[in-house]
Each structure stands twice: as structure tokens, then as C-alpha cells.
Amino acid sequence: MKAADQHNETKKQIPAKAKKQDEVVIHAKGLKKGFVDKEVLRDITFDLKRGENMVILGKSGQGKSVTIQCIVGMLKPNAGELTVFGEKVAELNDEELKQLRIKIGFLFQSGALYDSMTVRENLEFPLTRVLKLNDQQEIDKRVEEVLDGVGLLDAIDKLPSDLSGGMRKRVGLARTMIVKPEIMLYDEPTTGLDPITSREISELILHLQEKYKTSSVIITHDMECARITADRVLVMDNGEFIAEGSFKELQKSDNKIVRSFFNQEI
Amino acid sequence: MAEQAITGWRKWAEGIGEQCIFFSRFFRNIFTGGFEWSEFVRQCYEIGYRSMMLVGITSFIMGLVLIVQLRPSLVELGAASMLPKTLAVSLIREIGPVITAIICAGKIASSIGAELGSMKVTEQIDAMEVSGANPLQYLVVTRVFATSIMVPLLAIIGDVIGLFGGFLALNITDNISLSLYFTKCISSLDFSDLLPAVVKTVFFGFAIGFVGCYKGYHSNKGTESVGIAANSAVVTASLWIFVIDAIAVQITSLLFYH
């Protein structure tokens with residue numbers, strides 16, 4: 001059985017009270033963000049619950065990446081309320097923001113691997129610099145475990161330049177997961193990959209989410225990725241959400257923009 | 001026209017402000033958290049060892065050329081015996097440090113600017129930042145410290161090699177032994193020649209590292225920005241070297257020669 005199907009099965013089996021999913025880990029209300037000549041986020045409101053996979057769908061340039069950059073404190077919203085684990089991100093000082101970021105994993109579109117380091121060094125970096133681990137045995141164990149989890153133990157001593165696009169994404173995912181974050185933010189995790197590798201990455205996201213019990217925000221315009229990973233889908237257009245629901249619910253939507261996404265999937 | 005000028009000046013002022021903020025963040029990061037020793041050693045190797053050949057060859061040629069150029073004038077004045085002294089003083093006080101720093105600005109500042117610029121473009125710096133690591137400590141503090149230490153070392157090595165180049169040129173025309181040549185060179189130098197020269201190369205090294213890091217760290221996203229960052233790092237670092245040199249000469253002159 002494929003991981004995606006298993007996930008759907010699991011979702012049906014878990015009783016509501018067994019889930020700790022009512023706890024809101026990210027809360028955004030009336031979020032606005034503009035740059036010099038353009039207003040990117042107009043009015044963003046959403047809650048992400050613990051253990052939930054939330055997919056944000058939308059065309060390029062609609063503000064999806066800006067939304068998750070605000071969550072992680074890379075950008076400051078111009079207006080609105082944004083809390084992560086109850087803390088107002090915009091009001092945190094450097095040290096508080098650093099502590100918050102340890103709980104949030106961010107997978108960049110390109111993987112953003114440190115290209116002067118081997119895969120092993122890439123994975124050791126957050127362990128030694130963020131978690132401040134000194135025990136080399138413990139470090140090796142965690143590196144090998146997480147690499148094994150993404151099926152790339154053989155590539156441990158390779159440089160990023162020796163890896164394919166899909167492998168880079170997997171290593172990027174492993175590097176993010178190694179610190180066991182509570183929230184994962186994925187910026188177009190399947191962009192630039194072939195359909196088979198895209199599906200593998202989507203299933204890997206799901207597998208890791210179940211293994212590490214993370215809450216995730218997944219930004220994508222890959223419908224297959226959304227179908228596999230999403231508990232809930234939000235559709236963004238022109239800096240605001242225009243539709244919300246499960247993948248199946250949105251498939252039946254009358255909204256023209258929402259339909260244009262689903263019509264791609266034959 | 002006036003609007004363009006105002007925009008230009010405003011951008012310039014913003015740039016100065018950004019540099020001041022970066023400078024203060026750099027200093028804050030020296031004293032907070034742990035020092036990245038392994039990266040610092042790697043940078044010392046990259047910056048120092050890998051630039052040695054270039055600095056050595058340039059300094060050797062510089063010493064050789066200076067003797068060839070100086071000789072006719074000094075012979076005409078009947079002061080041929082002053083050649084080792086003239087070379088030593090000019091090379092150690094001014095030409096050695098400045099030439100080494102300019103070469104390092106071309107090689108190191110551009111390389112740091114391009115490397116950090118490329119890391120910025122490929123989101124590696126952002127990845128470090130959002131992971132909770134400190135990119136400033138890992139990338140900037142180590143590189144600035146490495147250049148501040150390695151540029152003076154390179155300048156000292158360059159000076160010695162330059163003096164050897166001078167000896168070779170002098171030995172072709174005048175029969176002078178190596179020991180006599182170096183005795184003459186060293187006896188003509190004193191503390192006031194060596195110390196200011198070494199101290200100013202520390203500042204040259206700092207400027208090279210800091211400008212390279214600043215330009216790379218603040219490059220825009222896009223491949224073109226990497227080239228711009230590298231180019232701008234060389235130009236700005238070279239300019240700073242001459243500014244620092246002018247200040248250093250004034251201070252040295254006030255402290256030692258008056």
C-alpha cells in the first residue's frame with residue numbers, strides 16, 4: 001500500500017479525541033505585507049493545528065512564499081497578527097526568534113544545501129551549531145538514521161554538486177528533519193522534479209510527517225503533491241485566500257480560479 | 001535630474017547605514033556564542049596559503065624592478081651603495097604592504113564577495129538563518145579574522161621575497177654577497193619602519209574581509225548580482241586600502257618622524 005493511501009486510512013481510523021489536533025500552532029489574522037511598489041499579502045487569516053498538513057495552492061507571485069517567510073520571521077508583516085506556538089513573531093528579539101526557529105523546519109525550493117560541504121557535513125551543521133551537540137557518536141548516529149530515512153545513506157560522503165535534483169531535495173529534507181522540528185514549512189517541494197520523483201518526495205513528506213508528528217505548511221502548485229499530502233487546502237489568489245477545504249471538497253468548487261487548478265488534473 | 005541626484009544620494013546614505021548596522025552586528029557576533037575555529041582555520045588556509053604564490057611572485061618582481069629602476073639615478077648621484085637601504089625602506093614601509101593588500105583585494109575580496117553572493121542567491125544563507133544557526137558567526141566573523149591575520153603575514157613574506165628579488169637584480173650588475181646585502185637592508189630599518197607597516201596591513205586585511213563579506217552578504221538575488229558583488233568588493237576594498245594607507249602614513253609621520 002502506498003504511503004498516501006495509508007495516510008488516508010489512518011486519517012479515517014484516528015478518533016477525534018485521540019488527536020491533539022485542536023491545539024493551534026500557527027495563528028494568522030488579517031496579515032498584510034507589501035513591498036515598495038506592490039501589496040503582496042492583503043488579508044491572510046488561517047490557523048494551523050498540531051499534526052495537520054495544510055497545503056497552500058496558488059499561482060506564482062500570489063504571496064505563498066511571503067506567507068511562510070513571515071511565519072519564520074524572515075519578513076515582518078506590515079499589519080495583522082501572527083503567532084507561532086502562542087508567541088508573536090514580529091515582537092521576538094534575535095535570541096527568542098532563534099529559539100523559535102529551532103522548532104520550525106524550512107525546506108527551500110532549491111534544497112539550499114551548503115555546497116562547500118558534503119552531505120554528512122550538511123547534516124552535522126544544525127546538530128553542532130543549533131543543537132550544540134558535541135558527542136560525535138551521537139551525531140553520527142542521528143545523521144545516519146535520518147539519511148537512512150530518506151533513502152540516501154549511500155550518498156553520505158558526496159558533495160551536493162554530485163546529487164540529482166530529487167536527491168538534493170531529500171538531503172534538504174533530512175537536514176531540516178534532523179533537529180526534529182515541530183512545524184515544517186515546505187516551499188514548493190516538488191518544483192523542477194519529474195512526476196515520479198515528485199510523487200516520491202510527496203510520499204516522503206507524508207512519511208516523515210507521520211514519523212516525527214510534525215505540523216506542516218506545504219506551498220505548491222503541484223496538484224498531485226497537494227492530493228497526497230493535504231489534510232486541508234487553502235487556495236491563494238492576489239494576496240488572499242479565496243477557498244478552503246479538503247482536496248475532495250475543493251474538487252467540487254464552483255470558483256473559477258479553484259477549478260482552473262483542478263482541471264489540470266485529468 | 002535633481003530627483004535622480006536625490007535618489008542617488010539617498011541610496012548612498014542607505015548603503016552607509018546598512019554598512020554601519022552590519023559592522024555593529026559583526027562586532028556583536030565576535031563576543032556572543034562560540035568561535036568557529038575549524039572554519040577559521042580553513043579560511044586561513046584558503047586565504048593565506050593559496051595566495052602565497054601570487055603575492056610571492058609579485059613581490060619578487062617588484063623588488064627586482066625597483067632595483068633596476070633606482071640604480072641609474074643613485075649611480076648618477078654617487079650613492080649606489082644606498083641601493084639596499086633605499087629598497088628596504090620603500091619596500092617595507094609602503095610598497096610591500098600596499099601591493100600585497102591590492103593583490104589580496106583582487107583575489108580574496110572578490111572570492112569572498114562571489115562566494116557569499118552565490119550563497120545568498122542559492123538561499124544557503126537564508127537556510128542557515130532560518131535553521132537557528134548564526135551565518136554571521138560562521139561566514140563573516142571567521143573570514144574577517146582570517147584576512148586580518150593572513151594579510152599581514154602575506155605582506156611580511158612578500159617583503160622578504162621582494163628583498164630577494166632586489167638582491168638578484170643587484171647581483172647581476174654589482175658583485176654583492178647575500179649576507180652583505182641583507183646586513184645593509186636590515187641595518188637601515190628600525191622599529192618605526194616595521195611596526196606601522198605591520199599594523200596597517202592588519203587594517204588592510206580587515207577592510208578586505210569586511211568589504212568582501214558585506215558585498216556578498218547583501219547582494220541581490222539573481223546570478224548577475226554575484227558578479228556585481230565580486231566586482232564591487234574589489235573596487236571598494238581597493239579604495240579603502242588607499243584611504244587607510246593615507247591615514248596610516250599621517251599617524252606614523254606624527255608619531256615617529258616628527
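Let's start with N53(A), which lies in strand β3 (residues 53-58) of chain A; strands are DSSP runs of E with at least two residues, helices are runs of H or I with at least four, and both are numbered from the N terminus. This is a predicted model, where local features need pLDDT of at least 70, side-chain atom pairs count only at pLDDT 80 or more, and totals for chains, interfaces and linings use all residues. Residues are numbered from 1 along each chain as its sequence is written, and side-chain values use heavy atoms, with hydrogens and water left out.

**Around N53(A)**

N53(A) counts as buried because its relative accessibility is 0% (buried means under 20% relative accessible area, with a 1.4 Å probe and protein chains only). Its side chain takes part in the polar pairs below (N or O atoms within 3.5 Å, one able to donate a hydrogen and the other to accept it; residues adjacent in sequence count only if both atoms are side-chain atoms).

| Partner of the N53(A) side chain | Distance |
|---|---|
| S216(A), side chain | 3.1 Å |

**Two helices**

Where else can you look? Helix α4 (residues 119-129) of chain A and helix α5 (residues 136-149) of chain A pack at about 120°, their axes 10 Å apart. That angle makes α4(A) oblique to α5(A), because angles under 35 degrees count as roughly parallel, over 145 as roughly antiparallel, 65 to 115 as roughly perpendicular and the rest as oblique. Among the residues that meet are L123(A) and L127(A) in α4(A), and I139(A) and V143(A) in α5(A).

Methods. Chains are lettered from A and ligands numbered from 1 in the order in which they are written. Axes are lines fitted to C-alpha atoms, for helices over the stretch in contact, and angles run from 0 to 180 degrees between N-to-C directions. Contact means heavy atoms within 4.5 Å. Buried means under 20% relative accessible area, exposed over 50%, partly exposed in between (1.4 Å probe, protein chains only).
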